[in-house]
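Take a look at the model below.

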Amino acid sequence: MKAVTDMDPQGLREHKEDFLRVLTAWFMAEHRDLPWRNLAAPNPYHVWISEIMLQQTRVTAVIDYFLRFTAEIPDIAALASVPDDRLMKLWEGLGYYSRVRNMKRCAQVLMSEYGGAMPHDPATLAKLPGIGPYTAGAIASIAFGVPKAAVDGNVLRVFSRLLADRSDISKESTKKAYTELLDELLPHAQNAGHINQAIMDLGATICIPGGEARCSLCPVEGFCKARKEGTTGELPVKQRAQARRQEHRVILILEKDGKVLVDKRPERGLLAGLYEYPGAMITPKQMEDFEQGISGKRALKVYESLFGELGLTAKKARFALRSKHIFSHIEWEMIGLYVETTDTYDVEALAEKNIYFADAAELKERYALPGAFSAYTNEFLNRRGDIDGSH
Ligand code: SF4
């Protein structure tokens, strides 16, 4: 691994006081106003929740979730005891649902072992469920002023440019090198949390990805080697992510008396414990075929073969509504199989199998359906005239 000193030709270490002062002044004047930010009196619970929500999710998408979540679950004690279904409902659409399950587990550990408070020490924080080195550094520095680096994608990009470093930022060794450098700089800052947040803001608003960096507005332009060399558009170097696996799926929209069937996914695996419209894998060729809009008996036959085990008979069936959802490693290409039934069922027997018929209000308020299904949920609500933009 390259030593930090080799990557520091612009003298970030030698000029650390200036670098930190300039960054602090810029942050105090230009920081983004965010609901979880309170520079004078940071709330550790808010810092934690926001950092977990922000993993894999953009700030603009997180704001409403954060406000709703913290209004209903205002502190660690409340999080430790919130019912799972309610927790999932509040997280619905944010994705990466293991994050929220870990958060609850973490809250329970905090209640039982830490008197309901967040520890200040980054090493202790990093041992808690769902808290890795980045989140530990973010909580320790932002909430408690501990001089510990929090290196996320934004920080990696900013540092690769500041140092004109061509190390692959997807490698652990690069992250480790930048973390070491920041760990060395931060004890000299007036407030380590402000510096970490300044670099995050800088990466989000000025030192942005692609060839678009807005260097003329950058407070640390004078320290930036890539700017000096004219290589900002070439950095950071990042290995291409592996191609995602593509799955073709039929999504069953089975309706009865204005309600739609949902079932609960298993407690392990993708989208664990969330609700779904039942789905089945098909081949790309079948997808093409179904897309021709087959209906009537042929569609009923497909329903029978794919979903007959649900034990629900159908009167009418048709295919409609293509939709796509991208997870980190899988892509779902979906098509809806719209089925109507008028039969009477033993609702209690279905409930024992975690299968329910949900009306519009229940879809909105009760069952947590992941964003992967939002095209189908919205279409159902729309048809019922129940969409109000709040879903
Ligand atoms: S000068 Fe440009 S490339 Fe360098 S840190 Fe600032 S915005 Fe990024």
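## Around the ligand

Helix α9 gives the largest share of the shell around the ligand: three residues. Helices here are DSSP runs of H or I with at least four residues, strands are runs of E with at least two, and both are numbered from the N terminus. Both α9 (153–162) and α12 (225–229) supply at least two residues of this shell.

The ligand has 14 residues around it, and R161, C207, C215, C218 and C224 come nearest. A residue is near a molecule if its C-beta atom, placed from the backbone, lies within 6 Å of it. By type, the shell has 10 nonpolar residues, one polar and three charged. Ala, Val, Leu, Ile, Met, Phe, Trp, Tyr, Cys and Pro count as nonpolar; Asp, Glu, Lys and Arg count as charged; the others, Gly among them, count as polar.

## About the model

This is a predicted model: local features need pLDDT of at least 70, side-chain atom pairs count only at pLDDT 80 or more, and totals for chains, interfaces and linings use all residues. Residue numbers run from 1 along each chain as its sequence is written.

## The whole chain

The chain has 17 helices and seven strands. Its C-alpha trace spans about 75 × 50 × 35 Å along the principal axes. Of its 391 residues, 37% count as buried. Buried means 20 or more other C-beta atoms within 10 Å of a residue's own; exposed means 12 or fewer; partly exposed is in between; the C-beta atoms are placed from the backbone.

## Two domains

Domain 1 covers 4–234 and domain 2 covers 245–383. These bounds come from an automatic or database domain assignment. The C-alpha centres of the two domains lie 38 Å apart.

Nine residues of domain 1 are in contact with 10 residues of domain 2. On the side of domain 1 that touches domain 2, three residues are nonpolar, two polar and four charged. Contact means that two C-beta atoms, placed from the backbone, lie within 7 Å.

## Helix α5

Which residues of α5 (84–91) are buried? They are L87, M88, K89 and W91. Helix α6 (98–113) is part of what covers them. After α5 comes G93, with a positive phi near 95°.

## The loop at G145

G145 sits in the loop between α8 (133–144) and α9. It counts as partly exposed because it has 17 C-beta neighbours inside 10 Å. Leaving out residues up to four places away in sequence, G145 touches N191, A192 and G193.
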